[in-house]
Amino acid sequence: MSSSLLPQCAVIPRGAHLRHWRLLSPQRNQMMRPSSIVCSQATESSHKSMAVGSSSVSFPILVNGCTGKMGKAVAEAAVSAGLQLVPVSFSSQATAGRTVQVGSKEIQIHGPSERDYVFASIIDEFPDLIVVDYTVPDAVNENAKLYSKLGVPFVMGTTGGDRQLLHKTVHDANVYAVISPQMGKQVVAFLAAMEIMAEQFPGAFSGYSLEVMESHQANKLDTSGTAKAVIACFQKLGVSFDLDQVQQIRDPKLQVDMVGVPQEHLSGHAFHLYHLTSPDQTVSFEFQHNVCGRSIYAEGTIDAAIFLHKKVQSKADQKIYNMIDVLREGNMR
């Protein structure tokens, strides 16, 4: 794995970053602070040098959910990468008939009642189609069922839904898919490191307590999929923690005053903090990864779509992938 894909981490002096993300618990502020490992904050500007460039492959891609900010960002990244953006997307009945401008293309929005018919005609016209889904959590399983029924390969970027059922649906239909709660490549590299640690050192943090805070834009309805994945690793490492203990922050005032989210990124950010404390409260570890904007996810999603296209073309035996598989392939731009 290329070192450029790993999160930029540094050991910082105790308490130096606590002007933000404070007040997890009274004990946390009373105890002596050891050094912390913090993944540096990524912003839109910091990723300009890593912007998606023209791809050596081209294929039709349909972004389902172009009416949302994440879906539109992916559509724009697809155009920048030289892919053939299909000028069709789907949304609620309330937005049916609208158009979304992406570069020089107008994306026609269709409602649920037209979905099956329009999808079937698109697949006839674009047999090498890859679908990217950035809709809403409640639509995850129904959309996956439709893609699987039609036999169309897809990248599921939407979090939430019944993830077990999602994998079962795709497995039973034997279709190609990339399914990941996190599409940011550097964050995925951090998740991969967490999974390796959990696999190789099970129980290493037995007895430690865990506190988790995550802050996202106010319209994110579900708990962060990334937080869930990191928590699962900590559980394998011996930490007892229930998902309902995650502290979700969606109040913009708290996000600015307590978390430290820049005002201009309140509508699109993903800040995570994981704090571990030893049973006697003399040792603590802290992991933090903060993302402003959506470019890191859009670029990772396009890499996932290109990866999936290549797997389909090569008739790979494996059908279901995640972003760690994409990273391991080493073809990111």
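Which residues are buried in α6?

View 1. Lys185, Gln186, Val187, Val188, Ala189, Phe190, Leu191, Ala192, Met194 and Ala198 are buried in α6 (under 20% relative accessible area, with a 1.4 Å probe and protein chains only).

**View 2. The largest nonpolar core.** A nonpolar core is a set of buried Ala, Val, Leu, Ile, Met, Phe, Trp, Tyr and Cys residues joined through side-chain atoms within 4.5 Å. Of the 45 residues in this one, Ile61, Val74, Val155, Val178 and Ile302 touch the most other members. The elements that each supply at least two residues include β3 (60-64), α2 (69-80), α6 and α9 (295-313), and α9 gives the most, with nine residues. Apart from this core lies another, of 22 residues, among them Ile122, Leu129, Phe154 and Ile179.

**View 3. The hairpin of β13 and β14.** Strand β13 (residues 269-277) runs antiparallel to β14 and is joined to it by nine bridges, whereas DSSP pairing requires at least two. His275 has Glu286 in β14 as its bridge partner. Six residues lie between the two strands, and Gln281 in the turn has a positive phi of about 60°. Eight of the nine residues of β14 (residues 284-292) are buried.

Residues are numbered from 1 along each chain as its sequence is written, and side-chain values use heavy atoms, without hydrogens and water. In this predicted model local features need pLDDT of at least 70 and side-chain atom pairs count only at pLDDT 80 or more, while totals for chains, interfaces and linings use all residues.

Terms used. Buried means under 20% relative accessible area, exposed over 50%, partly exposed in between (1.4 Å probe, protein chains only). Helices (H or I, at least four residues) and strands (E, at least two) are DSSP runs, numbered from the N terminus.
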